[in-house]
Amino acid sequence: MRMTKQQIVQELLGQAVQHASTQQTVRCFAHANIALCKYWGKRDTQLNLPITSSLSISLGTLGSHVQLQTRPHTDRIQLNDQTLPTQHAAYRRITTFLDLFRHSNRYFFDLQLTNTIPTAAGFASSASIFAALVKALNTLFAWQLPTSKLCILARLGSGSACRSLHSGFVLWHAGNQPNGMDSTAEPLNTAWPQLRLGLLITSSQPKAISSRQAMQHTVTTSPLYNSWPQLVQHDLVCLQQAISQRDFHTLGQISQANALAMHATMLAARPSVLYWLPDSVKQIQTVQQAQQQGLPLYFTMDAGANLKLLFLQQDEQIVRQLFAQLQVVDPFVTDLQQAAT
Ligand code: DP6
């Protein structure tokens, strides 16, 4: 049965005691994540229920730190030490989400968000923000919900946020229930310590169209979208096999092809959605040339102009020589004690 967001919250929290101590300040961290097989298309736009499953890798200690406490009147949100004006899109999006948890307007929130993912490079941080926020609410209100249920709550804020509640490789099951109670994320529990991700810090320009809008526009207008779900099914099988066999070549090839196929569906949308900038094309060509010379280096891209590189630890120096502005991430180092300060 289809349910509203509020009904889902009600169902998950049940009679959970909803008393937050106004004195209490809670701090939580959630990883940023990058999809290797993308979530692109919703079967329910209100509940952020995906048409297909997707698979991501979390970014270790990079992500969002949240500090949360209640306050008597109006929400106050700080993002990287800047107070967000109430008309700011991020303020409205977060407070609308918080509306689900106010319990008859008894609570307003003071929220400090710090992203350790380089925001100047235009990397999406909404996933880790909603994941960290849900963790913090769970602690503040002492819900004691298991991660599988926190995934469902985080997804109501942003689909990909459910993947940010786990580290390492994460599979978000599309599920098929209309209320999405089976659409939750699960860790694959396969460590691959040699794997590296490279974030390319290019100059950021505001996006002409949000990923949320682009996704929906692609589903409704792109003649190529019909082939996307079948392609994802294939890519998910290959990726999971590559991960279990630590087959880097297949992992890289499939991740790169999947990202390009997603962009192909957008390019074919009417009107077309093009996120690439001249620098993106140059970087793609650099990667392709390196591949032709035998370097196991691959890329993925999301709804934006930036490339995220995939390579192995042994090739880090060569990759750094190719890309001067590179932030290297070791996804399996998750020193949360240090990160959650
Ligand atoms: C291209 O999770 O940001 O990064 O559910 O509307 O909040 P909403 O979308 P969001 O979409 C992410 C799209 C993507 C691919 C991915 O991360 O899987």
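Author: A residue is called buried when its relative accessible area is under 20%, exposed when over 50%, and partly exposed in between, with a 1.4 Å probe and protein chains only. The model is predicted: local features need pLDDT of at least 70, side-chain atom pairs count only at pLDDT 80 or more, and totals for chains, interfaces and linings use all residues. Residues are numbered from 1 along each chain as its sequence is written, and side-chain values use heavy atoms, with hydrogens and water left out.

Rings of Phe, Tyr and Trp (its six-membered ring) pair if their centres lie within 6.5 Å; planes under 30 degrees apart count as stacked, over 60 as edge-to-face and the rest as tilted. Across the whole structure, eleven aromatic pairs are found. One of them joins phenylalanine 97 to phenylalanine 101, edge-to-face, at 5.3 Å centre to centre and with 65° between the planes. Phenylalanine 97 is buried, with a relative accessible area of 4%, and phenylalanine 101 is buried at 0%.

Tryptophan 192 and phenylalanine 248 also make an edge-to-face pair, because their ring centres are 6.4 Å apart and their planes stand at 90°. Tryptophan 192 lies in the loop between strand S9 (185–187) and strand S10 (195–200), and phenylalanine 248 in helix H7 (residues 248–267), so the pair ties together parts 56 residues apart in sequence. Helices (H or I, at least four residues) and strands (E, at least two) are DSSP runs, numbered from the N terminus. Phenylalanine 248 is buried, at 6% relative accessibility.

Finally, Phe97, Phe101, Tyr107, Phe109, Phe130, Phe141 and Trp143 form one aromatic cluster.
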